[in-house]
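Got the viewer open and a selection box ready? Let's take a walk through this one, stop by stop.

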Amino acid sequence: MTTIAERLQAVRASIYDALSNAGRQPEQAVLLAVSKAHPATAIRAAFAAGQNAFGENYLQEALDKQAELTDLNIEWHFIGPIQSNKTQPIAQHFAWVHGVDRLKIAERLNAARPAHLSPLQICIQLNISSEASKSGVLPHEVDALADAIAKLPHLRLRGLMAIPAPTTDIELQRRQFRMVRLAYEALRNRGLELDTLSMGMSEDFSSAIAEGATIVRIGSAIFGTRPTHDH
Ligand SMILES: *Cc1c(COP(=O)(O)O)cnc(C)c1O
(Lines give C-alpha, C1' and ligand atoms only; values in the text may rest on other atoms or scores of the structure.)
Protein backbone atom coordinates (compact mmCIF):
# COMPACT_ATOMS: atom_id res chain seq x y z
CA MET A 1 0.00 0.00 0.00
CA THR A 2 1.30 3.40 -0.89
CA THR A 3 0.47 6.18 1.49
CA ILE A 4 -1.15 9.54 0.78
CA ALA A 5 2.22 11.19 1.45
CA GLU A 6 3.92 8.97 -1.14
CA ARG A 7 1.24 9.55 -3.77
CA LEU A 8 1.33 13.27 -3.10
CA GLN A 9 5.07 13.24 -3.64
CA ALA A 10 4.67 11.30 -6.90
CA VAL A 11 2.02 13.76 -8.16
CA ARG A 12 4.26 16.70 -7.27
CA ALA A 13 7.12 15.07 -9.20
CA SER A 14 4.87 14.59 -12.25
CA ILE A 15 3.75 18.21 -12.09
CA TYR A 16 7.39 19.28 -11.93
CA ASP A 17 8.23 17.09 -14.95
CA ALA A 18 5.27 18.38 -16.97
CA LEU A 19 6.28 21.99 -16.23
CA SER A 20 9.85 21.32 -17.17
CA ASN A 21 8.87 19.52 -20.41
CA ALA A 22 6.75 22.55 -21.29
CA GLY A 23 9.66 24.92 -20.68
CA ARG A 24 7.83 26.44 -17.72
CA GLN A 25 9.26 27.28 -14.30
CA PRO A 26 8.66 25.17 -11.19
CA GLU A 27 5.77 26.64 -9.14
CA GLN A 28 4.01 27.95 -12.27
CA ALA A 29 1.33 25.33 -11.68
CA VAL A 30 0.10 24.64 -8.18
CA LEU A 31 -1.66 21.60 -6.84
CA LEU A 32 -5.20 21.68 -5.53
CA ALA A 33 -5.84 18.39 -3.71
CA VAL A 34 -9.43 17.28 -4.38
CA SER A 35 -10.61 15.55 -1.23
CA LYS A 36 -14.30 14.98 -2.02
CA ALA A 37 -15.61 11.65 -0.72
CA HIS A 38 -12.51 11.18 1.44
CA PRO A 39 -12.55 11.69 5.19
CA ALA A 40 -10.99 14.47 7.24
CA THR A 41 -8.24 12.05 8.29
CA ALA A 42 -7.08 11.84 4.64
CA ILE A 43 -6.92 15.64 4.45
CA ARG A 44 -4.95 15.68 7.69
CA ALA A 45 -2.45 13.21 6.22
CA ALA A 46 -2.00 15.28 3.07
CA PHE A 47 -1.66 18.48 5.11
CA ALA A 48 1.05 16.82 7.22
CA ALA A 49 2.83 16.06 3.93
CA GLY A 50 2.87 19.74 2.99
CA GLN A 51 -0.41 20.23 1.09
CA ASN A 52 -2.51 23.19 2.19
CA ALA A 53 -5.05 23.82 -0.63
CA PHE A 54 -8.00 21.43 -0.80
CA GLY A 55 -10.96 21.28 -3.16
CA GLU A 56 -14.42 20.04 -2.22
CA ASN A 57 -17.53 19.54 -4.36
CA TYR A 58 -20.36 19.04 -1.92
CA LEU A 59 -21.20 21.75 0.57
CA GLN A 60 -22.43 19.79 3.57
CA GLU A 61 -19.62 17.26 3.31
CA ALA A 62 -17.10 20.10 3.10
CA LEU A 63 -18.56 21.97 6.10
CA ASP A 64 -18.43 18.79 8.19
CA LYS A 65 -14.77 18.26 7.36
CA GLN A 66 -13.92 21.92 7.92
CA ALA A 67 -15.42 21.65 11.40
CA GLU A 68 -13.10 18.71 12.13
CA LEU A 69 -10.03 20.50 10.80
CA THR A 70 -10.23 23.97 12.35
CA ASP A 71 -6.76 23.49 13.85
CA LEU A 72 -5.19 23.39 10.35
CA ASN A 73 -4.59 26.47 8.21
CA ILE A 74 -6.23 25.10 5.08
CA GLU A 75 -7.13 27.09 1.97
CA TRP A 76 -10.54 25.74 0.93
CA HIS A 77 -11.70 25.77 -2.69
CA PHE A 78 -15.27 25.04 -3.71
CA ILE A 79 -15.15 23.22 -7.06
CA GLY A 80 -18.61 21.66 -7.35
CA PRO A 81 -21.79 22.82 -9.02
CA ILE A 82 -23.27 25.80 -7.14
CA GLN A 83 -26.95 25.93 -6.30
CA SER A 84 -28.21 29.45 -5.68
CA ASN A 85 -29.60 28.52 -2.24
CA LYS A 86 -26.06 27.51 -1.15
CA THR A 87 -24.23 30.69 -2.05
CA GLN A 88 -24.24 32.13 1.48
CA PRO A 89 -22.34 29.29 3.22
CA ILE A 90 -20.04 28.97 0.21
CA ALA A 91 -19.18 32.69 0.41
CA GLN A 92 -18.56 32.36 4.15
CA HIS A 93 -16.49 29.19 4.27
CA PHE A 94 -14.27 29.12 1.18
CA ALA A 95 -11.37 31.16 -0.18
CA TRP A 96 -11.96 30.22 -3.83
CA VAL A 97 -14.90 29.18 -6.00
CA HIS A 98 -14.01 27.54 -9.31
CA GLY A 99 -17.27 26.80 -11.05
CA VAL A 100 -19.07 30.11 -11.53
CA ASP A 101 -21.03 30.17 -14.78
CA ARG A 102 -23.92 32.58 -14.15
CA LEU A 103 -24.02 36.21 -13.10
CA LYS A 104 -26.84 35.54 -10.64
CA ILE A 105 -24.58 33.13 -8.71
CA ALA A 106 -21.71 35.62 -8.75
CA GLU A 107 -23.97 38.40 -7.46
CA ARG A 108 -25.24 36.22 -4.64
CA LEU A 109 -21.68 35.21 -3.67
CA ASN A 110 -20.67 38.87 -3.75
CA ALA A 111 -23.58 39.91 -1.53
CA ALA A 112 -22.87 37.12 0.97
CA ARG A 113 -19.08 37.51 1.23
CA PRO A 114 -18.39 38.69 4.79
CA ALA A 115 -16.75 42.12 4.90
CA HIS A 116 -13.97 41.00 7.25
CA LEU A 117 -12.71 38.40 4.74
CA SER A 118 -10.60 39.14 1.68
CA PRO A 119 -12.49 39.00 -1.64
CA LEU A 120 -13.65 35.58 -2.75
CA GLN A 121 -11.34 34.32 -5.52
CA ILE A 122 -13.36 33.34 -8.58
CA CYS A 123 -12.82 31.26 -11.70
CA ILE A 124 -15.45 31.24 -14.42
CA GLN A 125 -16.23 27.76 -15.67
CA LEU A 126 -15.94 27.58 -19.43
CA ASN A 127 -17.91 24.96 -21.35
CA ILE A 128 -15.82 23.92 -24.33
CA SER A 129 -17.76 20.77 -25.16
CA SER A 130 -21.40 21.75 -24.89
CA GLU A 131 -22.66 18.28 -25.72
CA ALA A 132 -20.62 16.65 -22.94
CA SER A 133 -21.54 18.95 -20.09
CA LYS A 134 -24.36 21.19 -19.03
CA SER A 135 -22.31 23.42 -16.79
CA GLY A 136 -20.04 26.23 -17.81
CA VAL A 137 -20.56 29.37 -19.79
CA LEU A 138 -20.32 29.07 -23.56
CA PRO A 139 -17.30 30.73 -25.19
CA HIS A 140 -19.36 33.46 -26.85
CA GLU A 141 -20.85 34.44 -23.47
CA VAL A 142 -17.65 34.57 -21.44
CA ASP A 143 -16.69 38.20 -22.17
CA ALA A 144 -19.93 39.61 -20.80
CA LEU A 145 -19.86 37.40 -17.70
CA ALA A 146 -16.20 38.22 -16.99
CA ASP A 147 -16.78 41.97 -17.33
CA ALA A 148 -19.75 41.82 -14.97
CA ILE A 149 -17.96 39.71 -12.35
CA ALA A 150 -14.86 41.93 -12.49
CA LYS A 151 -17.02 44.83 -11.23
CA LEU A 152 -18.26 43.04 -8.08
CA PRO A 153 -16.31 44.42 -5.09
CA HIS A 154 -16.29 41.34 -2.85
CA LEU A 155 -15.17 38.98 -5.59
CA ARG A 156 -11.85 38.84 -7.36
CA LEU A 157 -11.97 37.31 -10.80
CA ARG A 158 -8.79 35.22 -11.23
CA GLY A 159 -9.39 33.32 -14.45
CA LEU A 160 -11.05 30.35 -16.07
CA MET A 161 -11.78 26.78 -15.01
CA ALA A 162 -12.80 23.91 -17.28
CA ILE A 163 -13.66 20.23 -17.12
CA PRO A 164 -13.16 18.92 -20.66
CA ALA A 165 -14.67 15.65 -21.82
CA PRO A 166 -12.51 12.85 -20.38
CA THR A 167 -10.37 11.10 -22.97
CA THR A 168 -7.14 9.11 -23.04
CA ASP A 169 -6.26 10.64 -26.42
CA ILE A 170 -3.41 13.01 -25.55
CA GLU A 171 -3.86 15.11 -28.70
CA LEU A 172 -7.55 15.58 -27.91
CA GLN A 173 -6.71 16.47 -24.29
CA ARG A 174 -4.27 19.07 -25.56
CA ARG A 175 -6.76 20.48 -28.06
CA GLN A 176 -9.47 20.89 -25.41
CA PHE A 177 -7.13 22.59 -22.94
CA ARG A 178 -5.78 24.79 -25.72
CA MET A 179 -9.30 26.12 -26.34
CA VAL A 180 -9.52 27.13 -22.68
CA ARG A 181 -6.12 28.80 -22.80
CA LEU A 182 -7.03 30.75 -25.93
CA ALA A 183 -10.23 31.99 -24.29
CA TYR A 184 -8.18 32.98 -21.23
CA GLU A 185 -5.63 34.83 -23.33
CA ALA A 186 -8.41 36.63 -25.19
CA LEU A 187 -9.83 37.87 -21.87
CA ARG A 188 -6.40 39.06 -20.78
CA ASN A 189 -5.91 40.81 -24.10
CA ARG A 190 -9.14 42.69 -23.42
CA GLY A 191 -7.51 44.11 -20.29
CA LEU A 192 -8.76 41.85 -17.51
CA GLU A 193 -6.03 41.10 -14.97
CA LEU A 194 -6.25 37.34 -14.78
CA ASP A 195 -3.59 34.90 -13.59
CA THR A 196 -5.36 31.55 -13.19
CA LEU A 197 -6.15 28.68 -15.51
CA SER A 198 -7.71 25.94 -13.38
CA MET A 199 -7.63 22.79 -15.51
CA GLY A 200 -6.32 19.25 -15.41
CA MET A 201 -7.31 16.29 -13.20
CA SER A 202 -5.66 12.96 -12.32
CA GLU A 203 -5.88 11.54 -15.86
CA ASP A 204 -4.96 14.61 -17.90
CA PHE A 205 -3.00 17.09 -15.81
CA SER A 206 0.22 16.74 -17.80
CA SER A 207 -1.62 17.86 -20.96
CA ALA A 208 -3.23 20.70 -19.03
CA ILE A 209 0.17 21.87 -17.79
CA ALA A 210 1.56 21.69 -21.32
CA GLU A 211 -1.26 24.06 -22.32
CA GLY A 212 -0.66 26.53 -19.51
CA ALA A 213 -2.65 25.32 -16.48
CA THR A 214 -1.74 27.24 -13.31
CA ILE A 215 -3.90 25.15 -10.94
CA VAL A 216 -4.37 21.42 -11.41
CA ARG A 217 -7.19 19.82 -9.43
CA ILE A 218 -6.16 16.29 -8.51
CA GLY A 219 -8.10 13.82 -6.42
CA SER A 220 -7.80 10.11 -7.09
CA ALA A 221 -4.08 10.15 -7.90
CA ILE A 222 -3.52 11.38 -4.32
CA PHE A 223 -6.32 9.86 -2.28
CA GLY A 224 -7.14 6.74 -4.29
CA THR A 225 -10.40 5.88 -6.01
CA ARG A 226 -13.47 7.37 -4.46
CA PRO A 227 -16.14 5.23 -2.93
CA THR A 228 -19.31 5.78 -4.96
CA HIS A 229 -21.30 8.56 -3.49
CA ASP A 230 -24.85 9.76 -3.44
CA HIS A 231 -25.74 13.41 -3.18
C1 LIG B 1 -13.52 15.27 -8.73
C2 LIG B 1 -12.99 16.48 -9.41
C3 LIG B 1 -11.62 16.63 -9.66
C4 LIG B 1 -10.59 15.56 -9.36
O5 LIG B 1 -10.77 14.46 -10.18
P6 LIG B 1 -9.72 13.22 -10.16
O7 LIG B 1 -10.00 12.54 -11.45
O8 LIG B 1 -10.07 12.40 -8.97
O9 LIG B 1 -8.38 13.79 -10.08
C10 LIG B 1 -11.20 17.81 -10.23
N11 LIG B 1 -12.06 18.80 -10.55
C12 LIG B 1 -13.38 18.69 -10.32
C13 LIG B 1 -14.27 19.81 -10.68
C14 LIG B 1 -13.88 17.52 -9.75
O15 LIG B 1 -15.20 17.42 -9.56
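First stop: select Arg102, which is partly exposed because its relative accessibility is 39% (buried means under 20% relative accessible area, exposed over 50%, partly exposed in between, with a 1.4 Å probe and protein chains only). Show Asp101 too: the side chains of Arg102 and Asp101 meet in a salt bridge, 4.0 Å from N to O. Here a salt bridge is a side-chain nitrogen of Lys or Arg within 4 Å of a carboxyl oxygen of Asp or Glu.

Some housekeeping before moving on. This is a predicted model, where local features need pLDDT of at least 70, side-chain atom pairs count only at pLDDT 80 or more, and totals for chains, interfaces and linings use all residues. Residues are numbered from 1 along each chain as its sequence is written, and side-chain values use heavy atoms, with hydrogens and water left out.

Next, pick Asp143 and Arg190, whose side chains form a salt bridge at 3.6 Å, N to O. This pair ties together distant parts of the chain, 47 residues apart: Asp143 sits in helix H6 (residues 142–150), Arg190 in the loop between H7 and E7. (Helices, H or I with at least four residues, and strands, E with at least two, are DSSP runs numbered from the N terminus.) Asp143 is partly exposed at 32% relative accessibility, and Arg190 is partly exposed too, at 41%.

Now jump to Arg44 and Asp71, another salt bridge, with the closest N and O atoms 3.0 Å apart. Arg44 belongs to helix H2 (residues 40–48), while Asp71 lies in the loop between helix H3 (59–68) and strand E3 (75–78), 27 residues apart. Asp71 is exposed, with a relative accessible area of 54%, whereas Arg44 is partly exposed at 32%.

The whole structure has 11 salt bridges.

Where to go inside? Strand E5 (residues 120–125) runs parallel to E6, joined by 6 bridges (strands pair if DSSP finds at least two bridges between them), and Cys123 stands opposite Gly159. Strand E7 (residues 196–198) also runs parallel to E6, with 3 bridges.

Finally, zoom out: the protein has 9 helices and 8 strands, and its C-alpha atoms fill a box of roughly 50 × 40 × 35 Å along the principal axes. Of its 231 residues, 49% count as buried.
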